[in-house]
Amino acid sequence: MVNSPHETVAAVVDPELLVVTIEELGVLRSVTTDDSGRVTVAITPTYSGCPAMDAIRADIRAALASAGHCDVDVVTQLAPAWSSDLISESGRAKLAAAGVAPPARVTSPAGVPSPATLAEPAPVSARRSAGPVPVALSVRCPRCGSPDTRRLSAFGSTACKALWRCEACREPFDEFKPL
Amino acid sequence: MTGASTGFDRLLALGDDALVMAQRLGGWCARAPEMEEDVALANIALDQLGAARLLLGYAGEVEGAGRDEDALAYLRTDRGYRNALLAELPDGDFAVLVAKLLFFCSFQRLRYARLAGGPDERLAAIAAKAVKESAYHVDHGAQWTVRLGDGTDESHARMQAAVDELWPYTHELFEDEPELRSPWLSTVEPVLAEATLDRPVDGWAPRGGRDGQHTEALSYLLAEMQVLHRAHPGAKW
């Protein structure tokens with residue numbers, strides 16, 4: 001059985017997260033093949049400085065080459081800006097199973113900005129004077145499921161993750177940040 | 001009139017602000033007060049570097065003289081840099097870095113938000129990504145400002161000294177877009193108040209960065225950043 005170029009690229013795994021594909025992450029935008037057989041792949045970075053992009057480009061080329069496609073162009077497409085809402089349901093489930101809490105929704109399904117988001121954190125003072133702290137309410141420990149968790153740092157082991165600790169099982173864990 | 005009127009100079013100003021911030025922040029890796037902070041500052045530096053690469057790459061194309069992001073980053077002297085002075089100032093005390101994060105990233109966030117809705121589609125796309133990242137940077141600077149300002153006598157005194165030292169340099173940020181000063185003050189002033197810090201009086205307002213007239217600090221920063229590329233042009237590893 002021969003996979004299409006799209007199937008081949010869609011199966012490329014993120015080099016840092018390892019359990020999710022670039023399609024599940026929303027990093028893959030499109031795969032097109034022209035009449036000459038030239039394959040053009042459009043990808044978008046999660047964060048502006050994401051150092052995994054070079055590895056992703058190389059992995060895409062390698063996957064296509066082993067499927068017999070050597071005339072390949074990988075382009076970067078910034079707009080519309082990537083959002084953690086683009087991570088698919090299967091991607092979220094795989095992240096959780098690997099011990100990375102999936103991100104809270106930045107926008108509700110109707111496209112209305114959700115109040116429970118960290119995407120636009122207000123200054124500390126504004127939060128206290130403006131009512132409830134806009135912290136994602138549902139960051140559950142991916143190991144034991146407890147909601148009794150605390151964010152230790154908004155910045156973690158990669159640009160896209162924050163560092164948390166579960167107060168119930170006392171284990172630290174990563175959260176994929178809402179963006 | 002400043003040099004930021006042409007497309008190239010405007011992109012250089014944006015890119016150089018981010019690049020110089022990235023270099024300053026990167027200098028804190030392994031020197032911050034706790035390991036989580038090493039990671040946080042390196043992450044913010046990475047975001048700034050990512051934006052700088054996109055902006056300088058675009059600037060090089062607009063200029064049309066064959067200079068790419070590396071040529072612009074590594075082969076210009078201080079007189080060719082268009083960053084605001086605030087970005088380049090030394091931050092030997094952690095409190096100075098914190099004040100710089102609050103002041104500078106709040107400004108960047110407002111500027112990116114405006115550019116994200118602007119007519120230049122490529123610049124709007126870069127800004128639309130950067131503005132979301134900026135929100136995290138501002139929050140980080142605000143949290144540390146409050147923690148240090150409303151902390152011990154020692155941390156309060158050093159945070160106040162940092163705010164006083166940097167405040168004059170914030171005026172230059174609004175040279176080309178004076179209307180952003182008011183929303184910027186609305187972000188910064190409540191944080192200072194919560195941190196029990198005095199908001200400095202406006203007065204001396206040094207400028208010149210957008211015209212390539214910098215403090216000596218930028219020369220040392222560039223010397224360190226550029227030495228490898230200049231000694232071994234095109235080196236890869």
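This is a predicted model: local features need pLDDT of at least 70, side-chain atom pairs count only at pLDDT 80 or more; totals for chains, interfaces and linings use all residues.
Local features are given where pLDDT is at least 70, side-chain atom pairs count only at pLDDT 80 or more, and totals for chains, interfaces and linings use all residues. Residues are numbered from 1 along each chain as its sequence is written, while chains are lettered from A and ligands numbered from 1 in the order in which they are written.

**View 1. Chain B as a whole, built from 9 helices and 0 strands.** Reading from the N terminus, the elements of chain B run α-α-α-α-α-α-α-α-α; here helices (H or I, at least four residues) and strands (E, at least two) are DSSP runs, numbered from the N terminus. Chain B has a radius of gyration of 17 Å, close to the 18 Å from the globule rule for 237 residues, so it is as compact as a globular protein of that length. For the record, that radius is taken over C-alpha atoms, and the rule is 2.2 Å times the number of residues to the power 0.38. Along the principal axes, the C-alpha atoms of chain B fill a box of roughly 55 × 40 × 30 Å.

**View 2. The inside of chain B, where buried residues make up 48% of the 237.** A residue is buried if 20 or more other C-beta atoms lie within 10 Å of its own, exposed if 12 or fewer, and partly exposed in between, with C-beta atoms placed from the backbone. Take the contacts in chain B between residues at least 6 apart in sequence: 76% of them join residues at least 24 apart. Two residues are in contact if their C-beta atoms, placed from the backbone, lie within 7 Å.

**View 3. Where chain B meets chain A, with 30 residues from chain B and 22 residues from chain A.** On the chain B side, helix 2 (35-63), helix 6 (121-149) and helix 8 (181-194) each give two or more residues. Helix 6 of chain B supplies the largest share of that side, 15 residues.

**View 4. The open sheet of chain A, with 3 strands in the order 1-2-3 and mixed pairing.** Strand 1 (28-33) and strand 3 (72-76) of chain A are the edge strands, each pairing on one side only; two strands pair if DSSP finds at least two bridges between them. Strand 1 and strand 2 (residues 39-43) of chain A pair in the antiparallel sense over 5 bridges, and S30(A) stands opposite A42(A) in strand 2 of chain A.
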